[in-house]
Amino acid sequence: MAQALTVNEAVALVGVEERTVRKEVEYGVLASETPPRFKLPALVYLRVLRELGLEPTVAERKKIYALIDKAFARSKKPTKVEVSPVLELKLDAVTEEVQSMLERFENWKQRRVVIDPDIMGGEPVFARSRLTVRHIGSMLLRHGEAVMQEIREDYPYLKSEDIEFAKLYTMAYPKVGRPRAGKVATR
């Protein structure tokens, strides 16, 4: 992973709530720079926190992150960290899962997403089409799995990975700015 991710990218690709990421920054557990950016150790930490199923205190979360960060400083692929004599976190599977998702998403963006000012005003579209990625992604975010069959019928040229990553892309790169005149923003 060459570059650090934004809050929205981390939320989308690691599968945690935005509130969780922002609280970790606010409490000083993660990312001291402004705006916050997250590298692999922080992403693995967020995924571990999600998988733990516990609610550690801020001090415990700082300790867990420090241990994970130190493990990554020693090795590119740490296998475990010992939090206490009775608690050990297995990092190998989580690290592999996070790295795999990041690599698959980046490869998909490079192969399947086109951003050209001459096509749909520069809005990201699927390769060899005028279908915007955010159109599919926003359908999935608004209606969930209920629209999956409709998307597959209406756009048979989309691959399963296109549909999966369109939702993540829309979460990671939300449209910014005001809606165009005459359009009503809905939430």
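Student: Which residues of H4 does H3 meet?
Tutor: Helices are DSSP runs of H or I with at least four residues, and strands are runs of E with at least two, numbered from the N terminus. Contact means heavy atoms within 4.5 Å. From H3, Leu40, Pro41, Ala42, Val44, Tyr45, Val48, Leu49 and Leu52 take part, and in H4 they meet Arg61, Ile64, Tyr65, Ile68, Asp69 and Phe72.

Student: How do the residues of the H3 and H4 contact divide by class?
Tutor: Ala, Val, Leu, Ile, Met, Phe, Trp, Tyr, Cys and Pro count as nonpolar; Asp, Glu, Lys and Arg count as charged; the others, Gly among them, count as polar. On that basis, the contact of H3 with H4 divides into twelve nonpolar, no polar and two charged.

Student: What pLDDT do side-chain atom pairs need in this model?
Tutor: Residues are numbered from 1 along each chain as its sequence is written, and side-chain values use heavy atoms, without hydrogens and water. This is a predicted model: totals for chains, interfaces and linings use all residues, local features need pLDDT of at least 70, and side-chain atom pairs count only at pLDDT 80 or more.

Student: Is H3 oblique or parallel to H4?
Tutor: Axes are lines fitted to C-alpha atoms, for helices over the stretch in contact, and angles run from 0 to 180 degrees between N-to-C directions. The axes of H3 and H4 come within 9 Å and cross at roughly 135°. Angles under 35 degrees are roughly parallel, over 145 roughly antiparallel, 65 to 115 roughly perpendicular, and the rest oblique. So H3 and H4 are oblique.

Student: Is the crossing of H3 and H4 left-handed or right-handed?
Tutor: A crossing is left-handed if the near helix is turned anticlockwise from the far one by less than a right angle, and right-handed if clockwise. The crossing of H3 and H4 is right-handed.

Student: Which H3 residues does H2 meet?
Tutor: Helix H2 (residues 18-26) packs against helix H3 (residues 40-52) at about 120°, with axes 12 Å apart. H2 is therefore oblique to H3. From H2 come Thr20, Val21 and Glu24, and they meet Tyr45, Leu46 and Leu49.

Student: Which residues of H8 make the contact with H5?
Tutor: Helices H5 (residues 92-112) and H8 (residues 160-172) pack at about 100°, their axes 11 Å apart. So H5 is roughly perpendicular to H8. H5 brings Met101, Arg104, Phe105, Trp108, Lys109, Arg111 and Arg112, and H8 brings Glu161, Asp162, Glu164, Phe165, Ala166, Leu168 and Tyr169.

Student: Is tryptophan 108 buried or exposed?
Tutor: Tryptophan 108 is found in H5. Buried means under 20% relative accessible area, exposed over 50%, and partly exposed in between (1.4 Å probe, protein chains only). Tryptophan 108 has 0%, so it is buried.

Student: How far is the C-alpha atom of tryptophan 108 from that of aspartate 162?
Tutor: Leaving out residues up to four places away in sequence, tryptophan 108 touches several residues, including Asp162. The two sit 54 residues apart along the chain, yet their C-alpha atoms are separated by 7.8 Å.

Student: Where does glutamate 60 lie, and what does it count as at 41% relative accessibility?
Tutor: Glutamate 60 lies in helix H4 (residues 58-74). At 41% relative accessibility, glutamate 60 counts as partly exposed.

Student: What percentage of the chain counts as buried?
Tutor: The chain comes to eight helices and four strands. Of its 187 residues, the buried ones make up 42%.
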